[in-house]
Amino acid sequence: MPSPKAKNPGRSGGSPVLGSSNGRYEFMSLTKPLNRSSPPHLLQRQGSDPTTARLRASESPTRRRGSSSSTGSASGQGPSDEDGIRLNPSFIRVALSSLLAIDLWLSKQLGVCACEDSSWGSVRPLMKLIEISGHGIPWLAGTAYCLYKSDSAAGQEVMLNLFMGLMLDLILVTIVKAVVRRRRPAHNRMDMFATFSVDRYSFPSGHSTRAALCGRFLLAHLVLAAPLRVLVMLWAGLVGLSRVLLGRHNVTDVLFGFWMGYCQYNLVEMLWLSPQTLQGLLGQLA
């Protein structure tokens, strides 16, 4: 007589039976993945197993997305933190852009003599006269004439070194203007006296470099009374100011020009020609 358990195996208290072969029962391991066609009570029991839960967590979409993003970053395909930092503008760049905007705005506000119909257009002829006083040609011509007319060796030494300093200033300003190539302000009128090819560029102001160089030179090597020393310093400042009032240069062009001329004087002092070297050069020329 067949056993009731053989007829109704699903009601037993043991593990669920999936099938039999040759009178032996085969049980399914709970850790083995089941198909969708498996019985519902088996799928439910599989979900409650701790091992199966850990396996499902390891295969979750969140972890798969994280692993794929880390793999993409490692292979160079995904965006990295350094790329995000590069997209943000640096503090130095923002500061320079802000200073440039302030420089352009201030230079435009101070260009009150840029043309005759400006607010201070009546002062324009005086500003142009100061402009000519700081031009390179009058200074080179005047220094060469004084060098030629000087009778003492000390006077010739001073005038020769001043002439050398003026030539050095002309060369250095030309090089810097050709390298930087900053355009002059938009409100400038190109009616300057004796312009050259690089004079269409604005940075630095050649008049300001020359005024600072000659001002320091005259104060250091000429015996001047106190009022004359004040006039020399006032003249140097007015030359730089006239460049902005006439709209020739921006404020930073003039400030850098003053600093550059100040440093050029130090270079002239380093390359100073002594009386002995001067007499040797004059002897060779004679």
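Which residues in H8 meet which residues in H9? On the H8 side they are Trp 139, Leu 140, Thr 143, Ala 144, Cys 146 and Leu 147, and on the H9 side they are Gln 156, Met 159, Leu 160, Leu 162, Phe 163, Leu 166 and Met 167. Sorted by kind, the residues of this contact are 11 nonpolar, two polar and no charged. With that pair of helices as a way in, here is a short tour of the structure.

**The protein as a whole**

What you see is a predicted model. Its secondary structure amounts to 13 helices and two strands. The protein has 286 residues, of which 31% count as buried. Looking at contacts between residues at least 6 apart in sequence, 67% link residues that are at least 24 apart.

**Two helix pairs**

A pair of packed helices is described by the angle between the axes and the distance between them.

| Helix pair | Angle between axes | Distance between axes |
|---|---|---|
| H8 and H9 | about 155° | 9 Å |
| H9 and H12 | about 135° | 10 Å |

H8 and H9 are roughly antiparallel to each other, because angles over 145 degrees are classed that way. H8 passes H9 in a left-handed crossing.

The pairing of H9 with H12 is described as oblique, and H9 passes H12 in a right-handed crossing. From H9, the contact draws on Asn 161, Gly 165, Leu 168, Asp 169, Leu 172, Val 173 and Val 176, while H12 brings Met 260, Gln 264, Leu 267 and Val 268. Seven of the residues in the contact of H9 with H12 are nonpolar, three are polar and one is charged.

**The largest nonpolar core**

In soluble globular proteins, nonpolar side chains tend to be buried together. In this model, the largest nonpolar core holds 22 residues. Cys 113, Met 127, Trp 139, Leu 166, Phe 217 and Trp 235 are the ones with the most contacts inside this core. Two or more core residues come from each of helix H7 (124-133), helix H8 (136-149), helix H9 (153-180), helix H10 (206-221), helix H11 (226-245) and helix H12 (251-270). H10 gives the most, with five residues.

Setting aside residues up to four places away in sequence, Phe 217 touches Val 158, Asn 161, Leu 162, Leu 222, Tyr 265, Val 268 and Trp 272.

Is Pro 204 buried or exposed? Pro 204 has 0% relative accessibility and therefore counts as buried. Beyond the residues up to four places away in sequence, Pro 204 touches Val 173, Val 176, Lys 177, His 249, Asp 253, Phe 256, Gly 257 and Met 260. Among these, Val 173, Val 176 and Met 260 also take part in the contact between H9 and H12. The C-alpha atoms of Pro 204 and Asn 250 are 9.1 Å apart in space, although 46 residues separate the two in sequence.

Thr 195 is in the loop between H9 and H10 too. At 39% relative accessibility, Thr 195 counts as partly exposed.

**His 135 and its surroundings**

One last stop is His 135, in the loop between H7 and H8. Its relative accessibility is 10%, so His 135 counts as buried. Which residues is His 135 in contact with, leaving aside its neighbours within four places in sequence? They are Phe 193, Ala 194, His 207 and Arg 210. The C-alpha atoms of His 135 and Ala 194 are separated by 8.8 Å, with the two residues 59 apart along the chain. Thr 195 can be compared with His 135 in the same way: the pair is 60 residues apart in sequence and 9.9 Å apart in space, C-alpha to C-alpha.

Technical notes
Residues are numbered from 1 along each chain as its sequence is written. This is a predicted model: local features need pLDDT of at least 70, side-chain atom pairs count only at pLDDT 80 or more; totals for chains, interfaces and linings use all residues. Side-chain values use heavy atoms; hydrogens and water are left out. A nonpolar core is a set of buried Ala, Val, Leu, Ile, Met, Phe, Trp, Tyr and Cys residues joined through side-chain atoms within 4.5 Å. Buried means under 20% relative accessible area, exposed over 50%, partly exposed in between (1.4 Å probe, protein chains only). Helices (H or I, at least four residues) and strands (E, at least two) are DSSP runs, numbered from the N terminus. Contact means heavy atoms within 4.5 Å. Axes are lines fitted to C-alpha atoms, for helices over the stretch in contact, and angles run from 0 to 180 degrees between N-to-C directions. Angles under 35 degrees count as roughly parallel, over 145 as roughly antiparallel, 65 to 115 as roughly perpendicular and the rest as oblique. A crossing is left-handed if the near helix is turned anticlockwise from the far one by less than a right angle, and right-handed if clockwise. Ala, Val, Leu, Ile, Met, Phe, Trp, Tyr, Cys and Pro count as nonpolar, Asp, Glu, Lys and Arg as charged, and the others, Gly among them, as polar.
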